[in-house]
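Have a look at this one with me before we talk.

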Amino acid sequence: MKIAVYPGSFDPITNGHLDILKRALSIFDKVIVLVAINPDKKGTFTTEERVLMIKEAIKEMKLENVEVDSYHGLTVDYATKHHAPYLIRGLRAVSDFEYEFQIHSANKFANDNVEMVYFMAKNETSFISSSMIMELHHNHVDVKDLVPHSVYKRLK
Ligand code: COA
């Protein structure tokens, strides 16, 4: 059984993330969406809120073979403990590449047995980021088409 972990801050989850998740499910038998901690980010929602919004979005979309979890520690350690030797990441633009290259190297240095798999964002979601959603929302732009209902209702 091929199990992958999809780590991220998901603060909050967006339609861009969900697109990557759906496509990953066409390749892997199970995907664990992992709310991980990026120490450089302050965060808007609590970890519990992020997990709940992801769980609700998965239910809304009727996605199967997905689990949601959170972890304070290295994602490669989590992946090893859960017999999931693949980490999924989304790539939106060239600007993501440098950052992802660095995370890739750090993860490989920490544990070379975990492989990273990348999905290119679709054109229509390639400009989305969690902080951009929050900025648009704070400036009274309706973000209904960019996030799942579980997130939209909390923003409201
Ligand atoms: N659609 C929408 N948004 C996307 C996206 C997509 N397809 N792909 C990336 N993004 C956005 C996210 O919304 C996020 O936006 P934000 O910066 O406004 O919040 C940004 O791209 C990148 O976020 P994310 O993918 O969540 O990465 P991150 O840098 O916040 O966190 C972790 C990366 C949490 C996975 C990483 O820090 C981690 O693994 N931490 C645990 C410790 C560890 O193992 N560190 C690595 C080795 S040192």
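1. Start at tyrosine 99: an N or O atom in its side chain is 2.3 Å from an oxygen atom of the ligand. Serine 9 has a polar side-chain atom 2.4 Å from a ligand oxygen, and for the side chain of arginine 89 the distance is 3.1 Å. On its own the ligand has 930 Å² of accessible area, and the protein covers 84% of that (areas by the Shrake-Rupley method with a 1.4 Å probe).

2. A word on the source: this is a predicted model, where local features need pLDDT of at least 70 and side-chain atom pairs pLDDT 80 or more, while totals for chains, interfaces and linings use all residues. Numbering runs from 1 along each chain as its sequence is written, and side-chain values use heavy atoms, leaving out hydrogens and water.

3. Who is around the ligand? There are 23 residues, and the closest are Ser9, Lys41, Tyr99, Ser130 and Ser131 (a residue counts if one of its heavy atoms lies within 4 Å). By class, that shell has eight nonpolar, twelve polar and three charged residues, with Gly put among the polar ones and Tyr among the nonpolar ones. Strand S1 (3–8) and helices H1 (15–25), H4 (94–110) and H5 (130–138) each supply at least two of the shell residues; helices are DSSP runs (H or I) of at least four residues, strands (E) of at least two.

4. Now the salt bridges (a side-chain nitrogen of Lys or Arg within 4 Å of a carboxyl oxygen of Asp or Glu): the count is ten. In one of them, aspartate 19 pairs with lysine 122, their closest N and O atoms 3.3 Å apart. Aspartate 19 is in H1 and lysine 122 in the loop between strand S5 (115–120) and H5, so this pair ties together parts 103 residues apart in sequence.

5. Phenylalanine 10 has a positive phi, near 45 degrees. Most residues other than glycine have a negative phi, and most peptide bonds are trans.

Conventions. A polar contact is a pair of N or O atoms within 3.5 Å; within protein, one must be able to donate a hydrogen and the other to accept it, and residues adjacent in sequence count only if both atoms are side-chain atoms.
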